[in-house]
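Please examine the sequence together with the three-dimensional structure shown below. The explanation after it is meant to be read with both in view.

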Amino acid sequence: MLFLLPPSESKRAGGGTLSIDQVALSFGALNPAREAVLAALEQLCADPVGAAKALKLGPKQASLIELNRNLRTAPTMPALDRYTGTVYDALHGGGLSSAARARAKQSLLIQTALFGLIPATDLIPDYRLSANTALPGISLRQVWQESHDTVFRRLNQGLVVDLRSKSYVELAPIPSDVPSVWIEVVQRSAGGQLRALNHFNKKSKGELIRAVLFAQQAPDSWSALTRIAKSAGFELLPADSQGVAYLVIG
């Protein structure tokens with residue numbers, strides 16, 4: 001069973017001595033697409049005014065443009081540590097044990113706008129690029145949809161539990177012949193109806209993944225994942241006919 005998270009716009013700065021040109025990202029079939037997207041981002045950031053508009057940056061965020069211009073030589077760190085924000089803060093909690101990190105390496109994937117699909121422990125630099133950014137001469141949705149089809153089909157680790165936001169689902173949809181389920185976070189109303197949540201959506205996904213990483217055994221079935229979710233205070237409902245499962249809080 002694999003778990004798929006979106007990235008986060010907020011990131012931790014710094015990293016080790018290796019640059020992105022010195023590390024080997026997993027899923028090498030994505031490398032031509034990665035290079036095309038990186039080159040387009042560099043081209044965009046050669047024009048600071050246009051880059052600020054495309055990346056939706058305010059005057060105080062101009063340093064992020066320079067960050068993108070130096071991506072090839074920037075320090076890297078594991079994606080799991082690079083990303084911060086609500087999902088990843090909840091995932092990290094009071095920190096991750098070595099066993100939890102080992103499980104993350106085996107079962108946790110992150111789909112990024114810049115590097116595509118990567119295991120959570122792959123090394124990446126700090127950057128700014130979101131799923132809906134318009135880059136010169138390239139369509140993020142087209143390049144990632146075409147390049148991810150083969151990669152998703154080669155995962156061969158059972159069910160893919162998709163916790164991505166809708167913008168990243170649209171950026172690289174999982175092929176229909178790959179077993180997967182998309183998770184929506186909901187709450188029961190007084191009348192028993194399920195109501196989608198915004199505020200607790202990301203936090204709940206992070207807490208679920210943390211519970212998976214710290215479980216005594218990695219889940220190998222939906223029932224096992226349901227038990228892990230229950231241990232974290234959630235009710236996990238089976239997928240409906242559209243492939244949507246519900247993580248119920250409260």
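The paragraphs that follow treat the nonpolar cores, a pair of helices and several individual residues.

This is a predicted model, in which local features need pLDDT of at least 70 and side-chain atom pairs count only at pLDDT 80 or more, while totals for chains, interfaces and linings use all residues. Residues are numbered from 1 along each chain as its sequence is written, and side-chain values use heavy atoms, with hydrogens and water left out.

In soluble globular proteins, nonpolar side chains tend to be buried together. A nonpolar core is here a set of buried Ala, Val, Leu, Ile, Met, Phe, Trp, Tyr and Cys residues joined through side-chain atoms within 4.5 Å. Buried means under 20% relative accessible area, exposed means over 50%, and partly exposed lies in between, with a 1.4 Å probe and protein chains only. The largest nonpolar core has 77 residues, and those with the most contacts inside it are F3, L5, L41, L91, L108, L114 and L129. Helix α1, residues 31-45, gives the most to this core, with 7 residues. Helices (H or I, at least four residues) and strands (E, at least two) are DSSP runs, numbered from the N terminus. A second, separate core of 6 residues includes W182, L237, Y246 and V248.

Contact means heavy atoms within 4.5 Å. Leaving aside residues up to four places away in sequence, L91 touches L5, L80, L96, L108, G206, I209, R210 and L213. Within α9, the buried residues include G206, I209 and L213, together with S204, K205, L208, A211 and V212. The 14 residues of α9 should span 20 Å at 1.5 Å a residue, and the end C-alpha atoms are 20 Å apart, which agrees. The expected span is 1.5 Å times one less than the number of residues in the helix.

S204 lies in α9 and counts as buried because its relative accessibility is 4%. Beyond residues up to four places away in sequence, S204 touches V185, F234, L247 and I249.

Helix α9 also packs with another helix. Two packed helices are described by the angle between their axes and the distance between the axes. The axes of α6 (residues 98-107) and α9 (residues 201-214) come within 8 Å and cross at roughly 105°. Axes are lines fitted to C-alpha atoms, for helices over the stretch in contact, and angles run from 0 to 180 degrees between N-to-C directions. A100, R103 and A104 of α6 make the contact with V212, L213 and F214 of α9. These residues divide into 5 nonpolar, no polar and 1 charged. Ala, Val, Leu, Ile, Met, Phe, Trp, Tyr, Cys and Pro count as nonpolar, Asp, Glu, Lys and Arg as charged, and the others, Gly among them, as polar.

Two further buried residues may be located next. G116 lies in strand β4, residues 116-119, and its relative accessibility of 0% is why G116 counts as buried. Apart from residues up to four places away in sequence, G116 touches L30, I110, Q111, W144 and H148. S130 lies in the loop between β5 (123-125) and α7 (140-153) and is buried, with a relative accessible area of 14%. With residues up to four places away in sequence not counted, S130 touches E9, A113, L140 and Y168. S130 and Y168 are 38 residues apart in sequence and 9.0 Å apart in space, C-alpha to C-alpha.

The remaining residues lie in loops. Most residues other than glycine have a negative phi, and most peptide bonds are trans. F27, in the loop between β1 (2-5) and α1, has a positive phi near 60°. At 24% relative accessibility, F27 counts as partly exposed. K56, in the loop between α2 (48-54) and α3 (63-69), has a positive phi near 60°. K56 is exposed, with a relative accessible area of 59%. A24 is placed in the loop between β1 and α1 and counts as exposed at 71% relative accessibility. A24 and L123 are 99 residues apart in sequence and 8.4 Å apart in space, C-alpha to C-alpha.
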